[in-house]
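Hi,

Here is the structure I promised to pass on.

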Amino acid sequence: VTVVSSAGDISREVRETADFVPIPMARAISPRADLQSVRDLAGLLRRVRPDVVVGGTPKAGLVSMVAARTARVPTRVLQARGARWDGLAGRQRRLLIAADRFAASNATHTLAVSDSLADLMVEAGAARRRPIVLGAGGSKGVDRTIFHPAVERVPDLQRPRLGFLGRLTPDKGVADALQVLDVLEAEGRSPRLDVVGKPDDAHPVGADVMARVTADPRVDHYQDLAPKEVADLLREWDLLVFPSHREGLPNAVIEAAACGVPTVGYRTTGVVDAVRPGRTGTLVALADTKGLSNAASDLLREPNHAAARAASEQWAGAFDAALVTEQFVRFLAEANRQSVRA
């Protein structure tokens, strides 16, 4: 296996199990830089001569599919993990959709990590044919040897511990999670909120929101946690507040479910595939912060909470990492056989 990405923090697991080759790729659309990335990657592919190329993330997907077609790689799989243009309008939206459509046109197969994302791509014209969704969806699944419920913890729903997990950027909704905290306190409870995530330098939250994350005595802020540390924290939560505006399929929601933590969030792309409304959590309309707070309050009452915890753990089984990996490997093997026969 050869792994290609821009230079940066590459995990120990990747370096130990694959050949890593850094190739510069600009995050934003940049015709000159993108063309150079395609040339560099096509040259590498001609030397490596892979049977299969899998491209993920918007920019790497575009660069890898064009380069792989140029290098005549027989099996080219575009894996859509999200839609950067979801929620945008005007020229920027059209440009990003066109880039995704061009990437898909150079692929032999297109995957989407969730059904709602696959439907959105067809509806928006980012894919001419509906992308394939493997099983219940997902890109990596959840490692349930790490993410599992606490054995003996008894929730105190008058002192609920809430969690937010994601980048600190407006589209992830940390400000809305803070509003839920305020509403629960106004009801006479004593809630706390754990915020897990780094500030997003490209699209930062407002200074007032960041000040609350770092200085509010009811909020604890965590960064750079290892998966086992995230799992330990999740097991202490009573509810995941996940007000994201768009996702592919949110691993945070699946990992929380595996720990027996239900979710409240917005009814948006990707999130609708990760939550079973009325069973593992509650979803409300995008930007309905009042509805989000009401949903949190309702879920933090017995017997609603106990039922949602049990259902969440069971639901996570559909996204078990071993199952998701097996489905992906089988798909790649069959796709390659088809290409060889062709």
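Let's start with a term: two strands count as paired if DSSP finds at least two bridges between them. Helices (H or I, at least four residues) and strands (E, at least two) are DSSP runs, numbered from the N terminus. By that rule, β7 (residues 192-196) pairs with β8 in the parallel sense, over four bridges. In that pair, leucine 193 sits opposite valine 219 of β8.

Before I go on, some housekeeping: this is a predicted model, with local features needing pLDDT of at least 70 and side-chain atom pairs counting only at pLDDT 80 or more, while totals for chains, interfaces and linings use all residues. Residues are numbered from 1 along each chain as its sequence is written, and side-chain values use heavy atoms, with hydrogens and water left out.

Back to the sheet. It is open, with six strands in the order β8-β7-β6-β9-β10-β11 and parallel pairing. The edges are β8 (219-222) and β11 (281-284); each has a single partner strand, so one side of each has no neighbour in the sheet. On average, neighbouring strands are turned by 20 degrees against each other, direction ignored.

Helix α9 (residues 251-258) touches β6 (161-165), β9 (239-242) and β10 (263-266), and its direction makes about 170 degrees with that of β9. Helix α11 (residues 289-299) touches β9, β10 and β11, at about 165 degrees to the direction of β10.

α11 also meets another helix. Its axis and that of α6 (residues 174-186) come within 9 Å and cross at roughly 55 degrees. That makes α6 oblique to α11 (under 35 degrees is roughly parallel, over 145 roughly antiparallel, 65 to 115 roughly perpendicular, and the rest oblique). Among the contact residues are Val180 and Val183 of α6, and Leu292 and Ala296 of α11.

Elsewhere, phenylalanine 319 counts as buried, at 2% relative accessibility.

Cheers

Technical notes. Buried means under 20% relative accessible area, exposed over 50%, partly exposed in between (1.4 Å probe, protein chains only). Axes are lines fitted to C-alpha atoms, for helices over the stretch in contact, and angles run from 0 to 180 degrees between N-to-C directions. Contact means heavy atoms within 4.5 Å.
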